[in-house]
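Here are a few exercises on charged side chains and how they pair. Work through each one with the model open, then compare your steps with the solution.

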Amino acid sequence: MPKFRRPSRAARVLVPGAVAAVLLTGCAQGSGGAASVTGATSAGASPAAVPAGPGSSVTVTPGPAGTAAPGTLLVTDFGSDTVTFVDPARGATGSVEVGTAPYGLVVGEDGRAWVATAEGVAVVDTASRERLALIPYRTDTGPVTTGEYRGGGMGIALAPDGRRAYVGVNVPGGNGTLEVVDTAALKVTDTVPVGRRPFDVDVSRDGAEVYATDHDSFDVTVVTARTLEPRRIEVAPYGTEGGLGSWLKPHHTAVRPSDGKLLLPFEGERLAVVDPGTGRTTIEPMTANTHQHGATVTADGTLLTVGTGPIDPDADRGPSLTVRTPGGAERVYPLEGPHEDVAVSRDGRTAYVTGGFTRDGYWDGLTVVDLGTGDARRLPAGSRPLGIVVL
């Protein structure tokens, strides 16, 4: 069982001058070396959607629904303005221009991808590989920029019936919003106040609630889908010391299929299990001892989460992928260099981990991990690939 140590201020909090230099922080600097981890085990109406600019792949009205070849990956190119289609065996097979610095994405049963960019939500037909529309945000996020602290869309999710998309919108220097997109009308219909930098957005299995994981305010905003009423749950297993300068903030959330509780990994040491109904948080031990970002959960409740690398190289371990069973047993696979997000093949045998880490040390590809053997191979894929889905 890992030690639940209280991190030193020097190791886990930026000094005031550094905070002023970057305005916001909380993501560890990536390590370029291979991890030393070995397998471990432990118990009003918005503006209408607009077409893309010159040179984009665009149609004004949506084409017929369809899907890409099963098993194809789609990644957001955070270092560019595209999404890239990736054959897991061969690498990138083509890209579609979507908008500046795309972050999260989600794909519906109709084969359309909804992509959160700095400019708006892009809609992509994954069968024809065309951008159908770009839906502008209602929220004023300032000038369109790039980089980790840029304004615009971050996490994004679809309602189970596909009628609504929910996107977390970052407002530099302040609290963000959750924007509600009518997927038929292709416009934003509502906005809901949430916390700072909504890294991730998730929806309950019945669609009744939406969860925005607010990185810089140490919380999850629970939004009732019917009324759009928000309520805040603080998720800070290490406390909130250091404020904006703290590394120890929530990043990504997975909704546990068995009971709807929220799973938020912290530092490869603590798993915060949040009951969104009561607001109560319980803590379970983890074993990877590395700064953690992307997370997903399979239908059987297996949690996968990405370790980006050490905050304190003298005390923490390198990049890794943790695979945690519903009972709490963990396998920790080392990764070469920093990574950000993860998706799993339909048969549950393979994980795909993107290399487009949000801070330093990112690379233009992803790692394919055989979850049976632990074998890993690198695959070129886009420009600083961040979000990922399996089509």
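**Exercise 1.** Decide whether Glu234 is buried, partly exposed or exposed in this predicted model.

*Solution.* Start with the relative accessibility of Glu234, which is 44%. Buried means under 20% and exposed means over 50%. Glu234 therefore counts as partly exposed. Now look for its partner: the side chain of Glu234 meets that of Arg232 in a salt bridge, with 3.6 Å from N to O.

**Exercise 2.** Classify Arg256 and Asp259, whose side chains meet in a salt bridge, as buried or partly exposed.

*Solution.* First, the contact: the N to O distance between Arg256 and Asp259 is 2.8 Å, and the cut-off for a salt bridge is 4 Å. Next, take Arg256: its relative accessibility is 19%, so Arg256 counts as buried. Finally, Asp259 has 39% relative accessibility and so counts as partly exposed.

**Exercise 3.** Find where in the chain the partners Arg197 and Asp216 sit, and whether they are buried or exposed.

*Solution.* Begin with the distance: the closest N and O atoms of this salt bridge are 2.9 Å apart. The pair links distant parts of the chain, 19 residues apart. Arg197 lies in the loop between β11 (187–193) and β12 (198–203), while Asp216 lies in the loop between β13 (209–214) and β14 (219–224). Both Arg197 and Asp216 are buried.

Notes: Residues are numbered from 1 along each chain as its sequence is written. This is a predicted model: local features need pLDDT of at least 70, side-chain atom pairs count only at pLDDT 80 or more; totals for chains, interfaces and linings use all residues. Side-chain values use heavy atoms; hydrogens and water are left out. Helices (H or I, at least four residues) and strands (E, at least two) are DSSP runs, numbered from the N terminus. Buried means under 20% relative accessible area, exposed over 50%, partly exposed in between (1.4 Å probe, protein chains only).
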